[in-house]
Amino acid sequence: MKKIFLAVCLSGMLASFLSAETVKIGVVLPVSGAVGGFGDLGKRGIDLAYKAQNKTKKGDPVEIVFMDNKSDKIESANAMQKLVSSDKVSVVIGPMISTNALAMTKIAEDNKTPLIAPVATNDRVTKGKKFVSRVSFADSFQGLIAANLAFQDLGLKRAAILFDNSSDYSIGLAKSFRNQFTKLGGEIVIEANAQAGTKDFKAQISSIKAKNPDVLYLPIYYNEGALIAVQAKQLGFNIPTIGGDGLTSNKIFFDVAKEAGNGYMVTDYYSTSSKQTPKGEKFIKEYEATYNEPVSAFSVMLADAYGIALQAIEECGAQDRICINDKIRNVKDYEGIGGKVSLIEGEAIRSAVINEVQDGKMIYKTTINP
């Protein structure tokens, strides 16, 4: 009788194993190249989210198919093509920056494969797309709240913009800030270019200083941002400075800028000092224990993108990419690590926070609701 019972149990286990469907989720991140620091933070979020849940609710195993896009848009497109053609993934998460995301969107559309761009904020990433979504806010919202912060909250009327005219992210933020700041009655006294890869910005800073602005908008990434902070201090140029989510998103900014970065304000998705969800509280403990440093907003966004993707797969099954895409693009009140988010046709409706650099740390100032 025991043998019969054991045989039945083993048979049931074997049947369950054979019926299990491996779920493949593609992840494209830069772990090398110019913004490799972003990719490292993003991968932390994916790794912790995968550790927390690597099976669907019905027991199907999840496989992460990871691709390094080397911070390059051509590599991004190649990675996307491989994931949808060869690996047959259910959904793709990534990359980190808007220029690389834009290189992947047509492939997502052509292959009807959902692409979640967690932190690619340029409005064109999702505009007019049917298979591209994002869980971050767009630059049109981020630049607007930066302009409101400068003009309405801080009472600053004369702005300078120092941006990278080769970056879709930087161009989008500069445009949004410019439009809102002038609409409010402010004046843009000068705009200058801070090309990615440049090391010396003293000429640009001197030109800006000569125009006597009372606020600097700096929608660029951490490498150049840190150098600008140091060189501005050397030139005695010290005015309120506001950046986007990419400015202080890597510890390189703090290591290089040091005290020169004090007072810099940024628009961001998340702060550990704001009100946390239960998932957020758990994630903070796990992250700090694992990496021994403060939680990165980028890690949070990637983890939430994974959670939203997995929830859609559980509702639709791994093979129905049309259904998965629809569930992602219209998710309602998803309570993630970074707070509550809804998507309307792929565009996230979520709060933003203002953080300020003080003594090498990000200090939470306020939350801005959409």
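Colleague: Which residues are the closest to the centre of the largest pocket?

Modeller: Of its 27 lining residues, those are Phe 254, Pro 294, Val 295, Ser 296 and Met 362. Keep in mind that this is a predicted model, where local features need pLDDT of at least 70 and side-chain atom pairs count only at pLDDT 80 or more, while totals for chains, interfaces and linings use all residues. Residues are numbered from 1 along each chain as its sequence is written, and side-chain values use heavy atoms, with hydrogens and water left out.

Colleague: Which elements supply at least two residues each to that lining?

Modeller: α2 (36-52), α9 (251-257), α10 (278-291), α11 (297-316) and β15 do. Helices (H or I, at least four residues) and strands (E, at least two) are DSSP runs, numbered from the N terminus.

Colleague: And how does the lining divide into nonpolar, polar and charged?

Modeller: The largest pocket has 10 nonpolar, 9 polar and 8 charged residues. Ala, Val, Leu, Ile, Met, Phe, Trp, Tyr, Cys and Pro count as nonpolar, Asp, Glu, Lys and Arg as charged, and the others, Gly among them, as polar.

Colleague: How much space lies in the second largest pocket?

Modeller: About 560 Å³. It has 21 lining residues, and Ala 49, Ala 52, Gln 53, Lys 279 and Ile 337 are the closest to its centre. Two or more residues come from each of α2, α10 and α11.

Colleague: Which element gives the most there?

Modeller: α11, with 8 residues. By class, the second largest pocket is lined by 10 nonpolar, 3 polar and 8 charged residues.

Colleague: OK, strands now. In what order do the 7 strands of the open sheet come?

Modeller: They go β7-β6-β8-β9-β10-β14-β15, with mixed pairing. The edge strands, each pairing on one side only, are β7 (187-193) and β15 (361-368). Two strands pair if DSSP finds at least two bridges between them.

Colleague: Do β6 and β8 run parallel or antiparallel?

Modeller: Parallel: 3 bridges join β6 (residues 158-163) to β8 (residues 215-218). One of the bridge pairs is Ile 161 with Tyr 217 in β8.

Colleague: Which helix lies across β6, β7 and β8?

Modeller: That's α7 (residues 202-210), at about 170 degrees to β7. Axes are lines fitted to C-alpha atoms, for helices over the stretch in contact (heavy atoms within 4.5 Å), and angles run from 0 to 180 degrees between N-to-C directions.

Colleague: What joins β11 to β12?

Modeller: A hairpin, through 2 residues. β11 (residues 334-336) and β12 (residues 339-344) run antiparallel with 3 bridges, and Glu 335 stands opposite Lys 340 in β12.

Colleague: Which residue in the turn between β12 and β13 has a positive phi?

Modeller: Glu 345, at about 50 degrees, in a hairpin with 2 residues between the strands. β12 pairs with β13 (residues 347-349) in the antiparallel sense over 3 bridges, and Leu 343 has Ala 348 as its bridge partner in β13.

Conventions:
1 Å grid on protein atoms, 1.4 Å probe; cavity = no way out; pocket = protein on both sides within 12 Å on 5 of 7 lines; lining within 4 Å. Points joined across faces, edges and corners; volume = space filled by probe spheres on them.
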